[in-house]
Structure formats: structure tokens, C-alpha cells
Amino acid sequence: MSGQADSSVTKARIESLSNFNDQIVTIQGWVYNKRSSGKIQFILVRDGSGIAQCVIAKNAVAPEVFSICDSLTQESSVTVTGKVHKDDRAPGGYEIQAEDLSAVQVAKDYPITPKEHGVEFLMDHRHLWLRSSHQHAIIRIRHQIIKAVREFFDNKGFILVDSPILTPASVEGTSTLFETEYFDLGKAYLTQSGQLYAEASAMAFGKVYCFGPTFRAEKSKTRRHLTEFWMVEPEVAWADLNDDMDLAEEFIEHIVQTVLMKSEPELKVLERDLTKLQPVKRPFPRLHYDEAVEILKKNGVDFQYGNDLGGADETIISQQYDRPVMVHHYPAACKAFYMKRDPLRPELTLSVDVLASEGYGEIIGGSQREDDYDTLIKRLEENNLPRQPFEWYLDLRRYGSVPHSGFGLGIERTVAWVCGLEHVRETIPFARMIYRNTP
RNA sequence: UCCUCGGUAGCUCAAUUGGCAGAGCAAUCGGCUGUUAACCGAUGGGUUGCAGGUUCGAGUCCUGCCCGAGGAGCCA
């Protein structure tokens, strides 16, 4: 019976077609592209795992099946049954010599054609753009990176302890927070960092990480910013700044080397230069802030000592090396209140930023945390922060305070770097930016 | 928030000094039994972002607004 897939036939995913050579299988997917020559048609079908060329010869199928194929359009959903055949002319090396095909739904005027499109158009059709092979590769690498992140911490005895997303107050002031009404309790805010809660969790479990979405209401409009992004934040009790840097470089090495090992086809689709990723191995260069400033001055930058590094400054520094570089001991003036000061030079913090190579900029920000009760109170006052919302945080210093450190890694910036992309908007399925919250 | 650039067919773009708004792709129809972003022929397709203004005449010049892109600041 034509037009209906035979339910007794083996269903196959396209990625595993090579296991079914010379066997009859059924694949279910969407028309990616079609080429027709009158009495023979080549239909490229994608099913999420790959793309397979289906060959429909007029003398090999029922006339009504051939006519259905004639009417197929891009992204129509189809079920195809046929023999898997090894053929070098087929993309991927295997094709399906169709015996039967049914159209589940014929798409009308699919907007994204296999031609060039502008950013605005593609972002407006993000829900469809995700079907294209380039976007497919990026999201699959994102998946692999997130897997590598969890694997790394899980294998090192870290416990996943997630921080809340709705919070009563800010970590660093309320100007950059999304605000919402919270029943009778007044305002609540979307978290801009899970860190303070991760510190509490670390005092309970020793080594923890939290991993979730983070929100910044900053009106940033650059290729490195989203208003909603994902961040993984490890926090470790009994760890100082050096321990923190050791952890960060081993972590990034693991992420990059895992992607190199497991995502080769996707990196190929993206035409990523692998020689830029292969050197990402320990040890990473470690630059004291003072040394970073020296490098900038040698490169002719008119840099004011004590300032934070700007995007252009980070690019200059990262281009000195073939792997990420760790800049530590930033001035306190440009860092958060909870960072511990260098006892020998109290104007500097025990902090570290990891700058990705090739000018991709900051992907990690971390520090040793202030663990002394009295000092922390002083920091709150210096920053004009109210004490009451931080009482629970101060408790961590009242009851068994220990040296502890941690950092946050931005997933989207990491994906952009690993994939070699121009902009972070393609590294998350549905980007939220200052001028876009749809689709 | 500030600076710079842009908005013309479904998409990507062109249109000389202010003088008939066009091409490629997509769509539709026809042809082709090994195509690789297939190819060949034909057809349809426009409130030139919006609102005013100047002019015999505005896609083009002027004013205001809307939308988008890149960057700065801030950050992951």
C-alpha cells in the first residue's frame, strides 16, 4: 500500500544508516532540499541526527508516490522506506533507494531558503533557523560543553546544589536586576549570580557547583552580551586563589579537549580552525594585574593603572598567547565587595579573570572570598549595601568560617569561543537581548 | 544611555546629477534517470520602514519618529 509506511520495517536514525547497509529501513524526517530530473528525484531528508539523500526513481515506486515526491517542498515532513545503499555520490556516503514515501504534512512557503539571509530575518525566525545545519552544529556543541561541565565536577566529588533564581536582593546593587512582584513580600529579583548561595552550599558540602540561568538588566548591546545567559559556578571550601586558578585551568582544558574529541563533525561544519583549540592545555599563563598593565603599555595603550581591563585591552593580552590566560589580583576598586584582599597589598583583590584566546575575552571571573566577619561588614558599609539582607551571608562567617574560593563560567561565551562565532546570540537556542525577547 | 551605520519584491541586494523601481534566489508552470546551494525555459510578485515637507517630478533632498546592526560603558 503506497503512501503508508509499513510498521513492520525497522526504523532507523540517519546517523546510524551505515549499520543498515542493504537493509530496508524507514526514516522519519523533514525535507532539507530537493533536486529533480524528471524521472528521478533526489530528496535530502534530515531527522535531527543527520541528513540522508533519498533517491526516488520513477520506475521503482508507485506512480502516486512519485507524484507525492513531486509536490514536496522544503521542510515538509515525510516518512521514507527503502533500501540503504552505500554510494560515494551521496552526501554522507549512504543513500536510501526509496520504495515508499508518505508526506505527513506539506509545508507551504518555508521562509528560510538555502541562500543568504540577514541577522534580523534569521533571529525573527529563530524557531525555524534552529533546523539549519550550522545552528544544529552549534547547539550540539553547546550540549557537549554542558555535558563536559557536569562530568568534570561530578567526577571530582562536587555536589550540584543549585541557587535560587528568584532572590530578595541583589548581589551587587539593584540597578541591573529584573524586578517582579512577589505576593505580599514586596519585590523579588531574578538572580544575577548564584554565588552567595553557592558559598552557603560549600560550607555545607565542601565542594559544590550551581548551574542555571542568570539575568542582567544591563543595557549592553554588544556581541558578548545576553540579558539571560547560563552560568556554572563552582565554590570550594578550604581553597585559596591558587587552588581556584588550578581548578579553572583544568576545567577549561577538560571542556575544550572533550569537544575536540567528541564534536569533530560539528566543528567541521563550522569550519573551526582546530589548531586554535588544540593548544588549550595546562598550564595556562598567569599574569599579575601589574604584568598585564605592563603588556598594555608595551603595546602602546594609554592605560590608567587601577582601571578595569576593557574589551580592547583583553584582546591585546589574550593575543599574546596560544591558550587562555589568567589575569589575577585586580584592583579592589573595580571588583565586588565579597572578594578577599591581598594581605600584602590591600588595594588588590585575590581575584582572577580567565580570558579566552583569539580575543574572545572574559569567560571566567572568580576570586577567593572574604571570610572574616568584621572585614566583610566593613566592605558592606564601604559599598553602601544594607546589612539586613546579608545577615544570612554573614552567618557563614559567624559559624565556622574558612578560606574559600570559586568562579563563574559563562556558557554562551564559552560556546562562542569554542565554535569560533562572531556573536553569542547563536549559542543559545532562544536569545534574550536588550532589543529582542521573541520568538 | 551615548556614538556610527542601515531599512527597496518572501530573501539577498542594485537603481548614475532628483527623471519609466530592476536582478539573482525563492514561489508557480513546463523540460530533463545520478543530482550535490543541480541545470534549462516561461510566469506572477512593490504602500521603497512610518508621518510630514521641498519640487513639474522624490527610493534619491530636508525634518521628526519607528525598527535593526556594530561599538562604548558594565559584565559572564
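Visitor: In what order do the strands β8, β9 and β10 sit in their sheet, and is the pairing parallel or antiparallel?
Guide: This is a predicted model, to be clear. The order in that open sheet of 3 strands is β8-β10-β9, with antiparallel pairing.

Visitor: And which strands stand at the edges?
Guide: That would be β8 (166–167) and β9 (179–181). Each has a single partner strand, so one side of each has no neighbour in the sheet.

Visitor: How many bridges hold β8 to β10?
Guide: There are 2 bridges between β8 and β10, the strand at residues 187–190, and the two run antiparallel.

Visitor: Which residue of β10 does threonine 167 stand opposite?
Guide: Its opposite number is tyrosine 189 in β10.

Visitor: OK, zooming out. How many helices and strands are in chain A?
Guide: Chain A has 12 helices and 17 strands. Its C-alpha trace spans about 85 × 55 × 40 Å along the principal axes.

Visitor: What percentage of the residues count as buried?
Guide: For chain A it's 49% of the 439 residues. The accessible surface comes to about 21000 Å², and carbon and sulfur atoms account for 50% of that.

Visitor: What about contacts between residues at least 6 apart in sequence: what share joins residues at least 24 apart?
Guide: In chain A that share is 66%.

Visitor: Last one, charges. How many positive and negative ones are there, and how far apart are their mean positions?
Guide: Chain A carries 50 positive and 63 negative charges, and their mean positions are 5 Å apart.

Key
Residues are numbered from 1 along each chain as its sequence is written. Chains are lettered from A and ligands numbered from 1 in the order in which they are written. This is a predicted model: local features need pLDDT of at least 70, side-chain atom pairs count only at pLDDT 80 or more; totals for chains, interfaces and linings use all residues. Side-chain values use heavy atoms; hydrogens and water are left out. Helices (H or I, at least four residues) and strands (E, at least two) are DSSP runs, numbered from the N terminus. Buried means under 20% relative accessible area, exposed over 50%, partly exposed in between (1.4 Å probe, protein chains only). Contact means heavy atoms within 4.5 Å. Accessible areas come from the Shrake-Rupley method with a 1.4 Å probe; for residues, only the protein chains shown count as cover. Lys and Arg count as positive and Asp and Glu as negative; His and the chain ends are not counted. The place of a charge is taken as NZ of Lys, CZ of Arg, CG of Asp or CD of Glu. Two strands pair if DSSP finds at least two bridges between them.
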